[in-house]
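Hi,

Here is the structure I said I would pass on. Have a look at it first, and then read on for what turned up.

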Amino acid sequence: MNRTLFIIILIAFNIAIDQISKVIVRTTMIRGGKGQINVIQDYFQLIWVENKGAFLGMGSDMNPTLRLIFLLILPTLVLAYVIYYIIKTKELDRMSLIAFCCIAGGGIANVFDRIVFGQVTDFFYINLGGVFKTGIFNVADMSVTIGMVILLLSGIFNNKKKESVSA
């Protein structure tokens, strides 16, 4: 498959899955804690909230101008650079390419929400009885997080390969 087409399909897939999940949540759930759905008891729940900020609501209390700059303009510029970088950098290994596509797709999906709705729809919540607990998040957040983990692991494994080759 053509490399650029692969990049476009993977980014579009991440955006589509996120946006489809958000449409389902907006059309079938009640906003806030009253409409929560226990998927796996209290450990994994669906709770629809609208987030005007970034990760875990950070920045939601910023004035509108700062929110526009830090949650819309700056992320858009960074995402544009990431897409430019992955298209132009032919030396990227497949795992790093997939990771960057997940990061870009998730980022674009959340920026889209901010442009269209003025906020981001979040709905996943995990609480493993005090051992592990998340804020409320969405599929785009998962894409970005998975992309970051893959990128980190790819960097570690690529460094180990380089060390063993040079030794």
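A word on naming before anything else: helices (H or I, at least four residues) and strands (E, at least two) are DSSP runs, numbered from the N terminus. Please also keep in mind that this is a predicted model.

Let's start with the strands. E1 covers residues 37-40 and E2 covers residues 44-51, and the two pair in the antiparallel sense over three bridges. Together E1 and E2 make a hairpin, with three residues between them. Gln41 sits in that loop between E1 and E2, and its phi is near 45 degrees, a positive value in a residue other than glycine.

Next, the inside. Which residues make up the largest nonpolar core? There are ten: Ile7, Leu10, Ile11, Val82, Ile86, Leu92, Leu97, Phe100, Cys101 and Ala104. Helices H1 (3-28), H2 (64-88) and H3 (94-117) each supply at least two residues of this core, and H3 gives the most to it, with four. As background, nonpolar side chains tend to be buried together in soluble globular proteins.

Leu66, Leu68, Ile69, Phe70, Ile73, Leu74, Leu77 and Val78 make a nonpolar surface patch of about 680 Å². One of them, Leu66, is in helix H2 and counts as partly exposed because its relative accessibility is 35%.

Ser21, in helix H1, counts as buried at 15% relative accessibility. Not counting residues up to four places away in sequence, Ser21 touches Phe123 and Val139. Ser21 and Thr121 are 100 residues apart in sequence, and their C-alpha atoms are 9.6 Å apart in space. The other one, Ser143, lies in helix H4 (residues 139-166) and is buried, with a relative accessible area of 7%. Again not counting residues up to four places away in sequence, Ser143 touches Asn14, Cys102, Ile103 and Gly106.

How many salt bridges does the structure hold? It has three. Lys22 forms one with Asp18, with the closest N and O atoms 2.7 Å apart. Both of these lie in helix H1, four residues apart, about one turn of the helix. Lys22 also takes part in a salt bridge with Asp113, where the closest N and O atoms are again 2.7 Å apart. Asp113 lies in helix H3 and Lys22 in helix H1, so this pair ties together parts that are 91 residues apart in sequence. Then Arg26 meets Asp113 in a salt bridge at 3.7 Å, N to O. Arg26 is in helix H1 as well, so its pairing with Asp113 in helix H3 links parts 87 residues apart in sequence. Asp113 counts as buried at 0% relative accessibility. Through shared partners, the salt bridges join Asp18, Lys22, Arg26 and Asp113 into one network.

Happy browsing!

Note on methods: Residues numbered from 1 in each chain as written. Predicted model: local features only at pLDDT ≥ 70, side-chain atom pairs only at ≥ 80, totals over all residues. Heavy atoms only, no water. Pairing = 2+ DSSP bridges. Core = buried A, V, L, I, M, F, W, Y, C linked by side-chain atoms within 4.5 Å. Buried < 20%, exposed > 50% of the residue type's maximum accessible area, 1.4 Å probe, protein only. Patch = residues over 30% accessible without salt bridge, like charges linked within 9 Å, V, L, I, M, F, W, Y side chains within 5 Å. Areas by Shrake-Rupley, 256 points an atom, 1.4 Å probe, with all protein chains shown as cover. Salt bridge = Lys/Arg side-chain N within 4 Å of Asp/Glu carboxyl O. Contact = heavy atoms within 4.5 Å.
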